[in-house]
Amino acid sequence: GIGMGLVMLGSGSASALEEMLNYAHETQHDKIIRGIALGIALILYGKQQEAETIIETLIRDKDATLRWAGMATIAMAFCGTGSNWAVQKLLKAAVSDTSDDVRRWAVTALGFILFKTPDQVPMLVSLLSESYNPHVRFGAAMALGISCAGTAMKDAYALLEPLTNDSSHFVRQGSLLATSMLFMQHNKITAPKSVDLREKLLKVAGDKHEDVMTKFGAIMGLGLIDAGGRNVTISLQTRTGTNNMLAAVGLLIFQNYWFWYPLANFISLAFSPTSIILLNKDLNMPRIDIKSNAKPTVFAYPPAMQLEKEKKKDKVETAVLSITAKRKQKDANKKSAGASASTTPAPTASTTNETTTAASVATAPSVSADKPLDPTDGSANVPPTPKPQPEPDFDMIQNPGRVLPAQQRILDLPSGSRFSTVKPVTHAGIILVRDGQPQDKLELVEILRGHGPTDGETASDNEDEGPEPD
């Protein structure tokens, strides 16, 4: 079912839908029905009103799995449209359906519908996040994670933070995943709460007494918050504002790790690289600096995780018996008594002089440790402590470079640059540039092979030339 949906993604094939529905009613295997349910949702991606008839058929079916397929179909057919009709259908199912799976997916689908207006989602799911049903609370967390991914929105975090301490283990799992998606590519300056989240994830993942499902969510959350080496984010829309079909498909199938955990790998389809690559007319990368009008620490990488050093175990003192201590004390007393009985030599002149010298040294004035040394006497050459340099108000990014979505609007080419861009540099991504000084020598970015050059070799030294033609 999933394969058929991926092959016919967005085609809306009526014959395929009819055949899949008939087979779903005939078979008794739950896994096959779930696969067909996902396939139906994928085939109807972006069909909107054309999908309303089959959606009505699905949400009225007696089989809970097919009603769940109706919720997934609404999410795909009206993805990013903000349709009131779709939101009403989802909210009605979220509070009235008898199946927990249907209710959970009805709330989750709200994130797909409203991802273009993420500020509306916290207000919409605020009451659902406090529902008595844990499946509804899980759906509210995932709706916030999908719609507000990478935004670090305070209203969304205010709803997710209590859910990380929920009484239900799978609700804690979903809230950790959603919060990790919320704080992707944020550091302590842009989102101070992200520091607390990282500590929470590490604590939960390493807690031996924590539930396995919650630990699974914490481990996946650590992967999400640092996904792609912190060079990618989750976004359901492209830079031009259109729907990102791959991301929608990836998140839809990812949500079904609930039933089969290998489907979690589909989350990689939702990752979008946050970079800028400038190319000339020959599609080569010239060496260009891009100016970011913000302090370097604002959009810097979060600090790498530091592993705690192993603590050295203190040596345990050997226990000494009281009898042994008494015997040692007795032997020591005998030795001291024998030494005192021996004759003491008479003092000589040399010993008298040494005693007088020692007494004079003892009475000499001592230099106070608290008194500062005079630097003019040359007794101490202590270098002055360097003052911290003020942080610059801008940062220069080399081509190609990492540019976050919030950083795009403050990008600019430095004044006097020999290059100009075909479209505004604030669009980021891949941009063509014009060379204003073609007569001058052009310096290109060195292309490195995977993992960079090794042993002082460049990429051209070990390029794989491939087999020779016959």
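**View 1. Contacts of S13 in the predicted model.** In this predicted model, S13 touches M8 and I43, leaving aside residues up to four places away in sequence. S13 lies in a loop. The loop runs between α1 (2–7) and α2 (14–26). I40 is 27 residues from S13 in sequence. In space, the two C-alpha atoms are 9.7 Å apart.

**View 2. Q48 and its backbone angle.** Q48 sits in the loop between α3 (30–43) and α4 (52–59). Its phi is positive, at about 50°. Q48 is not a glycine.

**View 3. A salt bridge between E56 and K89.** Side chains of opposite charge can pair when their charged atoms come close. Here the side chains of E56 and K89 form a salt bridge, with 2.9 Å from N to O. The pair links distant parts of the chain. E56 belongs to helix α4, and K89 belongs to helix α6 (residues 84–96). The two residues are 33 residues apart. The count for the model comes to 10 salt bridges.

**View 4. Packing of helix α9 with helix α11.** Helix α9 covers residues 134–147, and helix α11 covers residues 169–182. Their axes come within 8 Å and cross at roughly 10°. Angles under 35 degrees count as roughly parallel, so α9 is roughly parallel to α11. On the α9 side, the contact is made by P134, H135, R137, F138, A141, M142, G145 and I146. On the α11 side, F170, V171, Q173, G174, S175, A178 and M181 take part. The residues of this contact divide into 9 nonpolar, 5 polar and 1 charged.

**View 5. The cis peptide bond at P400.** N399 and P400 are joined by a cis peptide bond. Omega is about -5°. P400 lies in the loop between β5 (395–398) and β6 (401–402).

**View 6. A nonpolar surface patch.** L283, V422 and L432 form a nonpolar patch on the surface. Together they have about 290 Å² of accessible area. V422 lies in the loop between β8 (419–421) and β9 (429–435).

Terms used. Residues are numbered from 1 along each chain as its sequence is written. This is a predicted model: local features need pLDDT of at least 70, side-chain atom pairs count only at pLDDT 80 or more; totals for chains, interfaces and linings use all residues. Side-chain values use heavy atoms; hydrogens and water are left out. Patches are made of residues with over 30% relative accessible area and no salt bridge: like charges are joined within 9 Å, nonpolar side chains (Val, Leu, Ile, Met, Phe, Trp, Tyr) within 5 Å. Accessible areas come from the Shrake-Rupley method with a 1.4 Å probe; for residues, only the protein chains shown count as cover. A salt bridge is a side-chain nitrogen of Lys or Arg within 4 Å of a carboxyl oxygen of Asp or Glu. Helices (H or I, at least four residues) and strands (E, at least two) are DSSP runs, numbered from the N terminus. Axes are lines fitted to C-alpha atoms, for helices over the stretch in contact, and angles run from 0 to 180 degrees between N-to-C directions. Angles under 35 degrees count as roughly parallel, over 145 as roughly antiparallel, 65 to 115 as roughly perpendicular and the rest as oblique. Contact means heavy atoms within 4.5 Å. Ala, Val, Leu, Ile, Met, Phe, Trp, Tyr, Cys and Pro count as nonpolar, Asp, Glu, Lys and Arg as charged, and the others, Gly among them, as polar.
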